[in-house]
Amino acid sequence: MTKIQAHLFRQVLQAVVIIVGGLVMMALLAQGLSRTDLILENRQSALTYFYIVMLGSPQVVALLTPLAIFVGAVWSLNRIHKDSEIVVAQAAGMTRWQVASPILRLALMCAVLHLGVNLWVQPAAQRTMREAVAVARADLAAALIRPGQFTTNGERLTFYAREQIGGELRGVLISDMTDPDYPTDILARSAALVSVEGRPTLLLRDALSQQLDTNQQLSILEFDQYMFDLTEFMKEDTELILKASDKYLYELFFLDRKNYFENKEADAFLAEGNARMTTPLLNIVMALLAILAILGGDFSRQGYGRRIGYATGAASVVLVVQLALQSAAADDPSLNVVQWVVPLSLIGVLSWIYFRRGRHIGARAAPGSSLLDSRREAMA
């Protein structure tokens, strides 16, 4: 790249990085608010909370990158054009391609990175996040141990502890309804959560067990120590069902036909797979829209508000249409072809509109011609 092209590239790159960073922080904040139940309901640490929120960032980055390309390119080009730097480049004999190439190169780089995130980073992060959320929600100790509150694990177990001092619980009550015909109530002076051969267990001290026997007579037993195994109460759905956003590309196209869930969601998986490969093309579409908004017409010191407004509306429509097509393709697989047609045709049409006037931009008479003469040699 020439010096002026490198300058244009740096200006747009800086704007894109800043905008992507700002938008991602806002999106992660909104996403984090939906994860506060991990702390409030499951009593997880702040580290777990931020870890899960950060695992959602690749999907957010991929979603916002095309929008950031458009906003960053429009903002940078508009400022540069008002400073007459584009006019100097035009007067120096740069072709339309040479003027637009730094932005298109950046868009192509973002498209490749976007594709990499879609194909590898996002599914890996989504799987890890789903597993971390499942582990957090299955943390029986965190769910049960709430001093001063009655807590339940389904309809089989009710737990109460008066207080917690360090790792010891005081004033423990357990109601075990695993067998509804013979319920068991256990009172203990204190208890501690321990692991016995890898199984979570409550070690109850000075315990009293009450249970109805087969004759409906109350049986009372006293124990100095009593081991209450929690394994049975943790047997929920241990099989993690992966959604479309969690699967790699080959898993979306080559389904396990023995899996009922995958067969049921086959069309949605196919739509997701095509969307993973087509959405990176939106980076190039957004770059071309920004280029047309600023460089597609004559120079004006009064700004390009009208053209920018039209381009912004077009960019919004393109993004909405692409999202709508992915959603509709989940119900009608024939629309997957349209997911490819829309961005590819827009790239072709926008390129033709921008380049159709010829290889060189005709430098029209503009105020400040002496400025052009003085800068031409320095910036060519």
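User: What length does helix α13 reach from its first C-alpha to its last?

Analyst: Keep in mind that this is a predicted model. Helix α13 covers residues 336-355, which makes 20 residues. At 1.5 Å a residue you'd expect 28 Å, and the helix comes close to that, reaching 30 Å.

User: Why do the buried residues of α13 line one face of the helix?

Analyst: The buried ones are Asn336, Gln339, Val342, Pro343, Ile347, Leu350 and Tyr354. Look down the axis of α13 and they line one face, because they all fall within an arc of 155 degrees.

User: And which exposed residues sit on the face of α13 turned away from its buried side?

Analyst: Exposed here means over 50% relative accessible area. On the face turned away from the buried side of α13, the exposed residues are Val337 and Trp352.

User: Is Asp332 buried, exposed or partly exposed?

Analyst: You'll find Asp332 in the loop between α12 (305-329) and α13. Buried needs under 20% and exposed needs over 50%. Asp332 has 34% relative accessibility, so it counts as partly exposed.

User: Which strands stand at the edges of the sheet?

Analyst: The open sheet has six strands in the order β1-β2-β3-β4-β5-β6, with antiparallel pairing. An edge strand has a single partner, so one side is left without a neighbour in the sheet; that's the case for β1 (150-153) and β6 (218-229).

Key: Residues numbered from 1 in each chain as written. Predicted model: local features only at pLDDT ≥ 70, side-chain atom pairs only at ≥ 80, totals over all residues. Heavy atoms only, no water. Helix = DSSP H or I, 4+ residues; strand = E, 2+ residues; numbered from the N terminus. Expected span 1.5 Å × (residues − 1). Buried < 20%, exposed > 50% of the residue type's maximum accessible area, 1.4 Å probe, protein only. Arc of directions from axis to C-beta. Pairing = 2+ DSSP bridges.
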